[in-house]
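Please keep the sequence and the structure open while going through them.

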Amino acid sequence: MLVEDKHKQQILVTALDLSLGIRVQCKSRIELEGKIALPAKLFTKVISSLPKRDIFLEMVDNAAIITDSYGKYQIQIVSHQEFQCLPEIEGKSIILPATKLLQALEAALFTASNDENKQVLAGVHFQFTKSS
């Protein structure tokens, strides 16, 4: 799901597959605010095939129109009300440098199971403590 915020000039991208959810903020130039839900695999395929240049996204009727210097792509949208939102997390938020998170993941992820039948062994537990 994409949520455009005109005042903050950013797009909030949320993806959820019912076991893992991710939310990312992207700086952008927003003319009109809105919310749309797109099929993630198709949207990713279209966006990743485009060169690293500016793209334009607009909603016309029940379709998202993606335009770049090479052409236009149309993707049928789904009502954003049908998209299951990520649960709100209660508690304090932390800011962690990406390099530190990557180091922690690299040190621990090799122990996680790749077997989807053993879901309890396929995760990584985070525990944060204050350090001086």
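1. The model is a predicted one, and buried residues account for 18% of the 132 residues in the protein chain. The accessible surface of the protein chain comes to about 11,300 Å², of which carbon and sulfur atoms supply 56%.

2. As for secondary structure, the protein chain contains 2 helices and 7 strands, and their order along the sequence reads β-β-β-β-α-β-β-β-α. Among the contacts in the protein chain with a separation of 6 or more, 39% are between residues 24 or more positions apart.

3. Strand β6, which covers residues 63-68, runs antiparallel to β7 and is joined to β7 by 6 bridges.

4. Which residues form a nonpolar patch on the surface? The patch consists of Ile-94, Leu-96, Leu-101, Leu-109, Val-124, Phe-126 and Phe-128, which together present about 610 Å² of accessible area.

5. Because its relative accessibility is 40%, Leu-96 is classed as partly exposed, a class that lies between the buried limit of under 20% and the exposed limit of over 50%.

Notes:
Residues numbered from 1 in each chain as written. Predicted model: local features only at pLDDT ≥ 70, side-chain atom pairs only at ≥ 80, totals over all residues. Heavy atoms only, no water. Patch = residues over 30% accessible without salt bridge, like charges linked within 9 Å, V, L, I, M, F, W, Y side chains within 5 Å. Areas by Shrake-Rupley, 256 points an atom, 1.4 Å probe, with all protein chains shown as cover. Salt bridge = Lys/Arg side-chain N within 4 Å of Asp/Glu carboxyl O. Buried < 20%, exposed > 50% of the residue type's maximum accessible area, 1.4 Å probe, protein only. Helix = DSSP H or I, 4+ residues; strand = E, 2+ residues; numbered from the N terminus. Contact = heavy atoms within 4.5 Å. Pairing = 2+ DSSP bridges.
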